Amino acid sequence: MKNSLWKTGRRTQKSPLWPSVTLTVLLAAISPFGAQAADRPKDKAAGPAGLKNAYSFSINKEMANRAAVALAIRGRVTDEKGEGLPGVSVVVKGTNTGAVTDQDGNYALNAPDGSTTLTFSFVGYLTQEVVINNRTTIDVSLAPDARALEEVVVIGYQTVRKRDLTGATSTVSPDQANKVTANSLAESIQGLSPGVTVRSTGVPGQQASIQIRGVASFLNTDPLYVIDGMIADANPTINTDDIESIQILKDASAAAIYGARAANGVIIITTKQGKEGPIKVGFSAKYGVQEMYKRWNLTNSSEFAALQRTQYESAGQTPPASVALGTFNPNINTDWQDQTLQTGSLQDYNVTLSGGTKTGNYLISGSYLVNNGYVIGNSFNRAAFRINSRSQKGRVTFGENMVLTNSNTQSPTSGFNPMYDMATMLPVIPVQDPSYITTTNPGGWGIGTYPNAVTYAFNPVAVRNLSSVKSNYAKLVGNAFAEVKFWDWLTYRFNAGMEVSFDYTQTLRQTGVWQYNAAPYPSSVGDDRSRFLSLLFEHTLNFNKTIGPHNINGVVGISQQHTTRQTTGASRTNLTYAGGQYYGTISSATGTATATGGVPDDYRILGYLGRVNYGYKDRYLITFTGRLDSDSRFGSNYRTGFFPSVAGAWRISQEKFFNVPWVSDLKLNVSYGKLGIVVPTLGSWPYTAYINNNPRAIFGADQTPSVGAYQAQLANPDLRWESRIQQNIGLDASFLNNRVSLEFNVYNSLSRDAILNLTVPGYLGNLRGNPYVNTASIRNRGIEFAATYRNNEHPFKWDVSANFTTIRNRVENVGNQGQSINYIVSGNTRSQVGNPVGQWFLVQTAGIFQTQEEVNSYVNSTGKVIQPYSKPGDIKYVDLNGDGVIDANDRTFVSSPWPKLQAGAQFNGSYKQFSLSVQLVGVFGYTVYNDVRRSLDSYQLTNFRKDVSPWTTQNTATSDPRLGLATDQGIVYNNLAYSDRWLENASYVRFRNVELGYTLPRPFLSRAKINNARVFVSGQNLFTITGYTGLDPDVTGSNIQERGVDAGHWPSPRVFSLGVTGEF
Amino acid sequence: MKKILISSVLAVALVMGGCKDNLDIENPNQVTTETYWKTDADALAGVNATYSTLHRGSISRWMFFYYIIRSDEGWSQSPATDIVNNMDQFIITDYNYGNAYGVWNDNYIGVNRANQVIDNVPNIQMDETLKQRYLGEAKFMRALYYYHLVTLFGNVPLVLRTPVVGDKPASATQAEVWAQIVKDLTEAAAVLPNSYPSTDLGRATRGAAYALLAKAYMQQQKYTEALQPLQWLVEGDGKSVYDLMPNYRDNFLITTENNRESIFEWQFEQNPAETTDDDTETPNQNYGSSLPQFFGPSGIGWSDGEARRWVTREFTEPTTTGARDPRLAASFLYDSTNVKGPDSTLIYGQTFTQRYGRNNQRVWFRKFQNDHWKNEEGYRSPNNYRSIRYADVLLMYAECLNQTGSTAQAYPYVDRVRQRAGLASLSAAKPGLTQAQFLEQLKHERLLELSGEGHRWNDLARWGDLGPQLTGRDPGFANFVKGKHELLPIPQQERDLNPNLAQNPGY
């Protein structure tokens, strides 16, 4: 039903002169129509809004009865860009006389006399009144409406005016989002909405990590994406240029209509539609270059050799030939970062054709994006083709939204992260050299050699040349609907959605090795194909009835979704190699062949949904929402969950007693409800114990594999929904004729029955992943604040917005983990009751031992020397439990990977034809575990930081310990992985995007028959202010519990781009 | 009209939406545990899974670092210092050290598989003899895994049933674990066949159960109890099943696998297309051993583990024809594998000199390497690991006889082993040894016969010889603390998850 009302709302924008009083009244409550035509302050000291509404209704009633008139006036209404604005309502003030502008913005009407006033109004623009003053031509330029209150908000199966919202819903402007060069929608909205935490990566074609209002689950923080009514992932295969609006449903009331899948929030994406009028062709083109804005500052081969010589000598050992005086070859000086990194590029082209009539419209768009990443061998491209259409016949409206995309990613083999290797690989190793040629390394790729240049780092250039993984995703996402308006107050809608994807991955491996002493590897090819199909069928009834001061509207419906994935894979070794090239098909290979296949996913979800909104005098609003969801992924006893919510809002500014002229609007809302979380990694049958028949035992004289079978993975038949109880209190306000608007929300949510891959002890002999258990509960509390100031009254128009969020995350319960165990371990983190998820649990460092006496006198209460193996220059640790030994028992909570404050700010300004926009993101008060630095600063088998300052008796004022080899226990202890030596404060402020635009002058364009065109240059991630020593403080982490681990995170690139958009 | 339309649409909507029964979706990929364990084929596959464990990565690779490299016969010069510290030098940097955890986990995976057979197979309607054999095999395998666990980790939890989420057993004492091993092996020996048809070679036999039972008793210094199963092997029915191979080296070649000398042999085969060591991930798994890659000489394999040179110097006694003990060349790759020296010694197709020059003192283990048929190693060695050989059993029997006061009666069994190597009989070379002298001689005999086969650590443990006094042979033992380093620490993660587990002494 969502699209139907949304569409109706759109229609009224184009044609406000709706011929039905009833409908007008109906729409008054659910769409911008009704109130919008006249609900505009006539001056800055407008009276109470309630009166304005009454006025608006009377106007509309009058408008329904047209009258005869005298003075002929014509003119053109344009928007802020000078483009003709169709569908603008032009009314002679105080009469029922009016007209609507045509496609080019032209209008003509007859006014009763030359001294009256014309009122120009259009959704999204400030209403303007112009005294006729006996003119016959009146051209008007409408300014965009500063106030967001009249926005229509899609809330799932329904649209409402933002002012009537009772739940916490954010709207993100696609204009803002699209300024950012992004892989995915999620990445593009970083910093734009409070409470939405986005962390992005520089891997081409990779989805960003997104969390809405903290973490409520240990396994899944992804919000539910609804694209034009189809529940489908908005991953990088979706073209962000097609997006018309983005709504983020944050609290229980807003999201409850999506029930069991909504607790991580819901992002509703609506794509663009054609507008009434002749065909319009829009285009945009963007070219950008991208690079890593920061690299590791590492030693070159001479510096490396000097340091390693010292290292060996201080350990009393002979330096290896690669660095020893006399044998060190200064001609080998490989900068592995130079070898691995490149200047990436990005090209993005879009063409959109659109148009329509009163009863139908269409939009066709084509786009192509290609991104060559900043690491060699990594790229992504996407071609997309969209057709959206609507047609109406009588009471029936049909429509469809459909996108076909074809995406490709390419990268070297998985299981390889160049962020480590390009840093740790030794500069004394050449990229390629005949001396490395062996039967297993025919390419002579430079790798570690014993006993000379020992390292286990991969040669990243060899990896790139010897392996490739190419994936192709051919995908269709779309929906079709039919809707029937039975009465003006009741509409039925049938919506069928489909996502079908044909995925293909080809893995190629040539003969050769890329690592010291690696086993020989035969050349091979792997082909994996998969077919994904998700079908959604929904029947909804929307109703809307106003009786006197009472308005009641809502939706009831049934939703069914069925998702399947089938896979087939094959591989074969020994590629044919002839004429200097490999043949990359399975049939051309000659070695051992294998085949796999299965149905990894097959599940159904059935939901009954309903929402009722009741409003009294536009002042008191209450919403009940509920959804009953059943999911085949749970056992029949636990399959069905009910997810209700209730919300209320009070528009204080509508009250008669509230008479504060400078407050334009003030609304208080409160909500409470329960939502569910689906963990996609559960698979389709997580509650059942299965027999694994993969084991193979070898028997017999001819050594034949025999099938073995047993239950490999522990199962939990009591698996059930995760749920999240959410409370929200919000205040929306706007002041000074809506020039200032504020949103303030306080929320408190408690997730229950959070599913854990419960770490089971090794003595249970479990395999295939830890079993899923509902065991934890997590609370998230926070404050969200957003403010905007707009100034559109002068030629220099500008607005500035800022938002900030605090999230306090706390584990409340982890179930029965055994005696006195109230935490869950993941790597170096513990999620312990009373603390946030994934808090660092580490041994604390206490500086560096300066003297042997200091080592000897560092004793526990019984006089035991705590670090007897240490020497001056070694790291001193805190013996927390006082047992005289430094070990895992001395770990404690040291700091949090959770930011204390996250903020975003945007500035948009325009002066005549110039525009400037700036986006800033700031994240404060959290720590990151710098694992790449751990590798580098261990001094073992790795390159060194150029600015490393190892402790010596002459260099005591340093935090870097002495040089040495790990054959020395003191050195080994310096590199304890579970110490806070690798933690860093990662607070940062980043200039996320700066864009400067210029709208080409009209005379110049008209010769080229172009309506409007704009060119822009933008710079992304121009500056990052941070004390973090890694490449990028905005890390996505290893998993939810290890959100602050920089395990070779690919930094967000710096992007410079140049683009043009326009329309003809 | 409208009402009819609305009602009919609503009716359609309800019908289309209301099909609740289709939420039961069968998994087309896998059989559930409820439908499994019904036929003898199910039972057989269950038993097979217990053996499949033996080629998992940690048990077939890292476990031998603890039995071989950690002992005084081996050491590590790996650039991966975690291996050197944790697996050779008694510097335990991390109680969750991944390779130790892998060994722990793989053995318990084997225990889990055996437990499932022991729990489910009794309820299957099938041939009773076959059923008992399957149960016997599972009990043997469970005992084998606990044998590894008790000798490496000591006081480990005893899990004897199909595990359930939340099981939190307490630590068992070593005596309790040994008792369970003895019980399982005694029951297994009663039902296992003396031998199998050629298609089933590699399965546990009665002889294997007796041999392992004897080892279990001996590690507890229960030499009298060990005598009985050994007698079955040496003097009883086993005598007609087993014998020494005439050629010592036949015990280490891929061409002479599952020979008469082999009492229990881990079966490996090469799967060139494998993608993983995890035998539950895909049937396309590695059922070879990666140990030869890790023990492979520099330039061939990782060389993460190698032999101590002092061992090569123990082969001083010439054969009766005056030649060098042939077991030296069969056991080690070093500059004198060929008695003529580095220029004549072939290391995987090249002379030692070509590869390392003449003055390289490194020694690599040779026994389960593949240099006898190819010039490279890899992760997929098909060469079977002879876990218990008849020569070992003969020496065990001799040791038990000696320990129980029958030193004179012990001579002939040592003689058989020595004579196969071409040495003079001990009765001729060193007659009339005292009990203590004979034990010292046995230690020497076992070293020469069984070096690099994974028995050294347990031999030293049984003899009480683990200690810093070994530092001369193996400097790593300088770090050895008696009463502590005989055992590995119980992985910290297990103790985090189950506070009922005690840490081993000294950790």
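Asn745(A) is buried, with a relative accessible area of 9%, which lies under the 20% cut-off for burial. The model is predicted. Chain A has 1064 residues and chain B has 507 residues.

**Surroundings of Asn745(A)**

- Asn745(A) belongs to strand β35 of chain A, which covers residues 740–757.
- A polar contact of 2.9 Å links the side chain of Asn745(A) to the side chain of Asn728(A).
- Leaving aside residues up to four places away in sequence, Asn745(A) touches Asn728(A), Ile729(A) and Gly730(A), among others.
- Further residues touched by Asn745(A) include Gly782(A), Ile783(A) and Glu784(A), as well as Ala168(A) and Arg213(A).

**Chain A: fold and dimensions**

- Chain A contains 14 helices and 52 strands.
- The radius of gyration of chain A is 32 Å, in agreement with the value near 31 Å that a compact globule of 1064 residues would have.
- Along the principal axes, the C-alpha atoms of chain A occupy a box of roughly 105 × 70 × 65 Å.

**Chain A: burial, contacts and surface**

- Buried residues make up 62% of the 1064 residues of chain A.
- Of the contacts in chain A with a sequence separation of 6 or more, 69% are between residues 24 or more positions apart.
- Chain A has an accessible surface of about 37800 Å², and carbon and sulfur atoms account for 56% of that area.
- Chain A carries 93 positive and 78 negative charges, whose mean positions are 7 Å apart.

**Chain B: fold and dimensions**

- Chain B contains 19 helices and 8 strands.
- Chain B is as compact as a globular protein of its length, because its radius of gyration of 26 Å is close to the 23 Å that the globule rule gives for 507 residues.
- The box filled by the C-alpha atoms of chain B, taken along the principal axes, is roughly 115 × 50 × 45 Å.

**Chain B: burial, contacts and surface**

- In chain B, 64% of the 507 residues count as buried.
- Pairs at least 24 apart in sequence supply 68% of the chain B contacts between residues at least 6 apart.
- The 49 positive and 58 negative charges of chain B have mean positions 2 Å apart.

Definitions and conventions
Residues are numbered from 1 along each chain as its sequence is written. Chains are lettered from A and ligands numbered from 1 in the order in which they are written. This is a predicted model: local features need pLDDT of at least 70, side-chain atom pairs count only at pLDDT 80 or more; totals for chains, interfaces and linings use all residues. Side-chain values use heavy atoms; hydrogens and water are left out. Helices (H or I, at least four residues) and strands (E, at least two) are DSSP runs, numbered from the N terminus. The radius of gyration is taken over C-alpha atoms; the globule rule is 2.2 Å times the number of residues to the power 0.38. Buried means under 20% relative accessible area, exposed over 50%, partly exposed in between (1.4 Å probe, protein chains only). Contact means heavy atoms within 4.5 Å. Lys and Arg count as positive and Asp and Glu as negative; His and the chain ends are not counted. The place of a charge is taken as NZ of Lys, CZ of Arg, CG of Asp or CD of Glu. A polar contact is a pair of N or O atoms within 3.5 Å; within protein, one must be able to donate a hydrogen and the other to accept it, and residues adjacent in sequence count only if both atoms are side-chain atoms. Accessible areas come from the Shrake-Rupley method with a 1.4 Å probe; for residues, only the protein chains shown count as cover.
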